[in-house]
Amino acid sequence: GIASYFSREIAGNRTANGERCDPHTLTAAHRTARFGSRMRVTNLATGRSVIVRINDRGPFRAGRVIDLSHAAAREIGMHRTGTAKVSLALLED
């Protein structure tokens, strides 16, 4: 699916689980994964991956499967393009 990342402008806003949004952490929004779960996100164009913790709901734009923090987007090399085709893997606790 397609990943996007959230703007630094929402830093400090509350996420769906009540945390403050911090673009410097490795977090993400997913529609159904439980809060606190970890997910490996791999950019299919670069092969780079990052492990994020789910702390919010979304993305709400059609065709998007996950919304990453700015730090996570940088890790997989999509912070300049804004979106990337990714694969997701839910990690066991």
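These legends describe close-up views of one predicted protein model.

Local features need pLDDT of at least 70, side-chain atom pairs count only at pLDDT 80 or more, and totals for chains, interfaces and linings use all residues. Residues are numbered from 1 along each chain as its sequence is written, and side-chain values use heavy atoms, with hydrogens and water left out.

**View 1. The whole fold.** The protein has 1 helix and 6 strands. These are DSSP runs, numbered from the N terminus (helices are H or I, at least four residues; strands are E, at least two). Along the sequence the pattern reads β-β-β-β-β-α-β. The radius of gyration is 12 Å, close to the 12 Å that the globule rule gives for 93 residues, so the protein is as compact as a globular protein of that length. This radius is taken over C-alpha atoms, and the rule is 2.2 Å times the number of residues to the power 0.38.

**View 2. The largest nonpolar core.** Such a core is a set of buried Ala, Val, Leu, Ile, Met, Phe, Trp, Tyr and Cys residues joined through side-chain atoms within 4.5 Å. Buried means under 20% relative accessible area, exposed over 50%, partly exposed in between (1.4 Å probe, protein chains only). The core has 16 residues, and Val41, Val52, Ile66, Leu68, Ile76, Met78 and Val86 touch the most other members. E3, E4, E5, H1 and E6 each supply at least two residues. The largest share, 3 residues, comes from E4. Leaving out residues up to four places away in sequence, Val86 touches partners including Gly1, Val41, Ile66 and Ile76. Here, contact means heavy atoms within 4.5 Å.

**View 3. Strand E3 and its partners.** Two strands pair if DSSP finds at least two bridges between them. E3 pairs with E4 in the antiparallel sense over 5 bridges. E3 also pairs with E6 in the antiparallel sense, over 5 bridges. Find Arg40: its bridge partner in E4 is Ile51, and its bridge partner in E6 is Ala89.

**View 4. Two backbone details.** The hairpin of E3 and E4 has 5 residues between the strands, and Gly47 takes a positive phi near 80 degrees there. Pro59 lies in the loop between E4 and E5. The peptide bond from Gly58 to Pro59 is cis, with omega near -5 degrees. Most residues other than glycine have a negative phi, and most peptide bonds are trans.

**View 5. His70 in the helix.** His70 is found in helix H1. His70 is buried, with a relative accessible area of 10%. Beyond its neighbours within four places in sequence, His70 is in contact with Tyr5, Phe6, Arg8, Pro23 and His79.
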